[in-house]
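Subject: Structure handover

Hello,

Here is the structure I promised. Please open it alongside this note; my findings follow below.

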Amino acid sequence: MILEKIKETINWNGKLLTIETGEIARQADGAVLISFGNTTVLCTCVYSKEENEETGFFPLTVNYQERFYSSGRLPGGFVKREGKPSDNETLVARLIDRPIRPLFPDGFCNEVQVICTLLSYDSQCSPEIAAMIGASAAISISGVPFDGPIAGCKVGYSNGKYLLNPTEHTDINLVVAGSKDGILMVESEINELPEDIVLNAVMFGFEQIQPIIEVINKLKSRINKNPIKVTPLKKQYPDLFNKIQELSLNNIKKALTIVPKLERQAEIKAIKTALIEELGEEKQSIIESLSEEIISNTMRQKIIKTKKRIDGRNLNQIRSINCSIDVLPQVHGSALFTRGETQALVVTTLGTSYDVQVIDTVAGESKESFLLHYNFPPFAVCEVGRIGAPGRREIGHGKLAWRAVQAVLPSNNIFPYTIRVVSEITESNGSSSMATVCGTSLSLMAAGVPIRAPVAGIAMGLIKTKSSYIILSDIMGDEDHLGDMDFKVAGTSNGITALQMDIKVKSITKDIIKAALEQAKEGRLHILNIMNNTINKSRNEISPNAPRIKSILIDKEKIRDLIGPGGKVIKDICDRLKVKIEIEDDGNVTVFSVDKKLMELAVNEIKMICCNPEVGQVFNGVVSRITDFGAFVSIGVKEGLLSWSKFPRNTERPKVGQRINVKITDLDSRNRINLAIC
């Protein structure tokens with residue numbers, strides 16, 4: 001326990017950043033209070049003092065939680081307290097987890113929990129960046145073995161200049177994290193920019209975080225807590241490792257030539273089962289971990305030596321692709337995108353402004369009219385599993401695809417719909433998030449959403465040695481699991497719209513990122529070319545199943561007439577014609593209806609109430625009185641004459657109170673309305 005208050009401060013691009021420890025949360029293994037401007041986050045790290053080799057993986061948990069009091073707000077809703085993590089909290093937790101995870105040593109199996117709590121928010125300084133830096137500092141002083149520290153920042157790009165931690169959205173909205181040695185993680189949303197501008201943005205961010213890393217190192221040196229010693233499993237059990245290699249290496253080499261994923265996995269599982277039976281079930285988790293290392297080494301050596309992959313592809317070769325649209329008859333737009341053994345069924349639904357998502361955060365309420373949801377059921381990988389609320393992975397993959405596509409969406413003025421896209425992953429063998437990007441693009445175009453250009457995505461991998469590296473295009477699951485990098489790149493033929501990079505080594509260099517971006521561009525253009533053969537631009541008309549939207553501008557003084565006493569007028573139009581009507585204070589009136597004909601009737605009635613009548617307008621009117629020469633029909637707040645001379649012969653004449661569809665045929669000099677049946 002640290003009993004004295006220790007503090008380090010730096011002026012970071014005009015904002016004061018302070019990291020202090022020793023006063024709050026003193027029983028945690030590591031705890032810091034980080035202040036970035038007036039944004040304050042408490043970050044703690046606690047680890048189990050007992051090893052748990054039975055887990056078979058490193059049990060790290062990162063939680064980020066926002067308190068509404070941090071911005072002087074009360075939570076929305078009935079309960080009035082924070083509940084389950086919001087999507088944003090989940091995304092920030094992932095943002096912190098991804099750059100720190102590769103810096104824990106092999107063989108460290110103690111459970112570690114990092115909790116970052118937002119205590120104060122000034123709306124100017126990013127809480128997620130503060131939390132990332134604070135988490136790194138808390139881990140660094142906790143006594144956990146950690147090859148850090150790391151730091152992160154936001155990067156913007158506007159008018160040819162790179163911006164550090166901008167407060168507004170720009171052409172690039174990028175988060176980069178790294179250590180003093182290299183880059184560890186990139187997450188970005190980009191407005192169709194070329195590779196060189198994006199690469200320089202990443203490197204700009206890497207340079208800007210170096211002073212923060214120095215500050216954490218100063219804090220760490222003042223605390224001077226020695227981390228616990230960790231010995232890799234291979235060195236703990238050298239004889240067992242050699243025995244496993246002797247018994248299984250040839251079988252592993254054969255298994256890694258099996259192309260179908262499920263057959264290959266079944267063979268590898270059989271190899272592990274045989275090893276456990278021969279070497280002892282009491283060492284099952286250790287045997288499985290050591291055999292995984294042998295499998296990884298074997299695959300990597302094969303690729304380096306032969307320049308061929310498990311499925312026989314060249315390093316830059318893309319798996320076979322099949323695209324189809326309109327696969328579901330009743331929905332507004334649908335597409336099936338299959339790449340190798342990864343498949344996404346993507347569905348688009350168009351809604352009205354009533355369907356926007358209201359998001360309640362510490363920054364206040366906001367509305368989102370583009371929603372993208374990603375579902376990954378267990379059958380996609382031939383497993384039996386729990387079905388429930390979306391997990392962290394599903395939320396993260398959905399947000400990545402959202403970032404990739406939102407750059408090409410039309411503005412709300414051009415296309416005033418709420419758009420919901422759902423990606424159902426029906427098969428998976430790597431890069432299902434990028435299949436979602438491709439399927440979303442196809443589904444939106446099929447639904448008639450006027451996107452600026454099609455978007456495709458590709459996942460790049462890496463095999464890195466001490467002296468060289470190999471980049472892989474369109475990685476499958478084993479290449480992701482056993483390789484060194486998962487670098488997802490999405491964009492149009494004109495430029496990049498989203499990046500996400502995660503690595504499993506301690507850092508990568510500018511040259512590796514540059515080469516990966518160049519190779520990804522080739523793959524992206526190849527995929528776009530195949531997609532374009534299915535559909536290359538948005539349809540001119542939306543689906544007949546989708547709601548129609550029409551907007552008109554009325555005099556603000558007429559809003560009261562349209563609403564009517566107690567809402568009587570507008571309610572009558574909505575109930576009778578099965579439409580929704582939205583009225584804004586500036587006089588803009590929007591009508592929503594699934595039926596185009598009913599929508600036009602509603603628009604005409606609104607015009608009749610609020611504007612001058614026009615020849616050709618069609619109405620659903622009610623007969624108000626009958627005379628010898630015709631019927632008077634109420635249309636909106638006015639009446640028109642349906643002359644018997646213009647009424648079809650051998651047709652039964654309407655009665656008072658009956659509703660009929662009529663059209664304005666003439667307006668006389670006194671602005672009286674003449675009608676015809678239609």
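Which residue in S12 does Ser324 stand opposite? Ser324 faces Leu336 there. Keep in mind that this is a predicted model.

Ser324 belongs to strand S11, which covers residues 321–325. The side chains of S11 alternate. Ile321, Cys323 and Ile325 point to one face and are buried. The partner strand, S12, spans residues 333–339. S11 and S12 run antiparallel and are joined by five bridges.

**The three-stranded sheet**

Three strands make up an open sheet, in the order S22-S24-S23. Their pairing is antiparallel. Strand S22 (548–553) and strand S23 (580–583) stand at the edges. Each has a single partner strand, so one side of each lacks a neighbour in the sheet. On average, neighbouring strands are turned by 15° against each other, direction ignored.

A closer look at one pair: S23 and strand S24 (residues 588–593) are paired over four bridges, in the antiparallel sense. Lys580 stands opposite Phe592 in S24.

A helix also belongs in this picture. Helix H14 (residues 596–610) lies across S22, S23 and S24. H14 runs at about 10° to S22.

**H3 against H11**

Now the helix pair. Helix H3 (residues 195–223) packs with helix H11 (residues 510–534) at an angle of about 150°. Their axes are 10 Å apart. Angles over 145 degrees count as roughly antiparallel, and H3 and H11 are therefore roughly antiparallel to each other. Their crossing is right-handed.

Which residues meet in this contact? From H3 come Glu195, Leu199, Asn200, Val202 and Met203. From H11 come Lys510, Ile513, Lys514, Leu517, Lys521 and Arg524. The residues of this contact divide into five nonpolar, one polar and five charged.

**Glu4**

Last, a residue in the segment before strand S1 (6–12): Glu4. Is Glu4 buried or exposed? Glu4 has a relative accessible area of 53%. The cut-off for exposed is over 50%, so Glu4 is exposed. Leaving aside neighbours within four places in sequence, Glu4 is in contact with Thr21 and Gly22. Glu4 and Thr21 are 17 residues apart in sequence. In space they are 8.0 Å apart, C-alpha to C-alpha.

Best regards

Note on methods
Residues numbered from 1 in each chain as written. Predicted model: local features only at pLDDT ≥ 70, side-chain atom pairs only at ≥ 80, totals over all residues. Heavy atoms only, no water. Axes fitted to C-alpha atoms, helices over the stretch in contact; angles between N-to-C directions. Helix = DSSP H or I, 4+ residues; strand = E, 2+ residues; numbered from the N terminus. Parallel < 35°, antiparallel > 145°, perpendicular 65-115°, else oblique. Left-handed = near helix turned anticlockwise from the far one by under 90°. Contact = heavy atoms within 4.5 Å. Nonpolar A, V, L, I, M, F, W, Y, C, P; charged D, E, K, R; others polar. Pairing = 2+ DSSP bridges. Buried < 20%, exposed > 50% of the residue type's maximum accessible area, 1.4 Å probe, protein only.
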